[in-house]
Amino acid sequence: MAVHMIEGVSIPESFDLPVMPTKEDLKKDEELFDRALECLKKHDAFLIAHYYTSETMQRLAEASGGFIGDSLEMAREGRDSDKQTLAVAGVRFMGETAKILSPQKKVVMPSLKAECSLDLCCSADDLARVKEQYPNATVVAYANTSAAVKAQADWIVTSSLAVELADYLKGRNEEILWLPDRHLGSYIANNAKTAIHCWPGRCIVHDAFESNALSFVKKDNPDALILVHPEAPQSVVAMADFVGSTSQILNYAKASDATKLIIATERNIFYKIKQACPDKILIEAPVASLSGHCISCANCPWMALNSLESLIDALENSAGHELFVPEDIRVQATKPLERMLNFSKALKEGRLDNNL
């Protein structure tokens, strides 16, 4: 279906990426594992970590009784925890989402400089101006956006629900303004068979997957299934045997009878997939290159800022680590988030109606 790409918004051509940790840095994190575990216990903190954080951070979440998941799952688990301090290992918008759902709790992050390219592609000022151009459109914002952007949205959605929501809105004859990911926007339009006004943002990790190189990997592994995140380019999505969110990819890998999987998403998900599928062969999908070097190497450099050393500092000295969301923005952002949670529940229970 038609995708009308929005023009005149500020999309960075490149990003000021942090330096990836060295082998020595990773070794230091391993050595701090027991200290970080004790620190979480000392401060009675609940660690919620994203699948894209390091294997060491994910192991720490498991060992401490914390949680590993997608961004919204992280926020829900934080809300439902009886602990009053949430340590969010992820990127800034994930910490903000946790704070939106748990305003009474203290939310700290290993690094408040952990950004997301999708978030950086969509400013609240640009959105306010674009909304004036499409006054009748329903604004559907991806979870990968700032609290200030969420506060201007009618709906917040995750990749696991995006197509279903678009189909629901199409049934209500609503015009859709989607933001900020252009690849996920195209995927939604094609699968919900509806036209959308699409923000031209991109995720630097998923945008780097390359279909031509993937075809060679598939040729060498004809019996392998290809699992792809919908933030990848359309040419890569078209080659997939399964397209889904990070959690959906993990669940599909568990359930599949295939013994070999080619996976196009951030490489740190391999930690959980290897746990769930120890007997399966897992292959990283290839990424595009720039001057002989990969752009992201399927690793989010901002996620890599979540070191155990920084986590310990966040717990011992929250100044510079504690995350706040202005109350007026938090209240406004809560509305579309709660609407999405209600939609998700109604969808699972088979009771969608026009009053959500």
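## Basis

In this predicted model, local features need pLDDT of at least 70 and side-chain atom pairs count only at pLDDT 80 or more, while totals for chains, interfaces and linings use all residues. Residues are numbered from 1 along each chain as its sequence is written, and side-chain values use heavy atoms, with hydrogens and water left out.

## Strand β10

From strand β10 (residues 225–228), L225 and L227 point one way and I226 and V228 the other, and all are buried (under 20% relative accessible area, 1.4 Å probe, protein chains only). Strands here are DSSP runs of E with at least two residues, and helices are runs of H or I with at least four, numbered from the N terminus.

Strand β10 runs parallel to β12 (residues 260–264), joined by four bridges, with I262 as the partner of I226; two strands pair if DSSP finds at least two bridges between them.

## Largest pocket

The largest pocket holds about 730 Å³ of space, and of its 30 lining residues P21, L26, S54, E55 and N268 are the closest to its centre. A pocket is an open set of points on a 1 Å grid over the protein atoms alone, where a 1.4 Å probe fits, with protein on both sides within 12 Å along at least five of seven lines, and lining residues have an atom within 4 Å of a point; the volume is the space filled by probe spheres set on the points, which are joined across faces, edges and corners.

Helix α1 gives the largest share of this lining, five residues. Because domain 2 (23–114 + 303–326) and domain 3 (206–299) both give residues to the lining, the largest pocket lies between them, the bounds coming from an automatic or database domain assignment.

Conventions:
Buried < 20%, exposed > 50% of the residue type's maximum accessible area, 1.4 Å probe, protein only.
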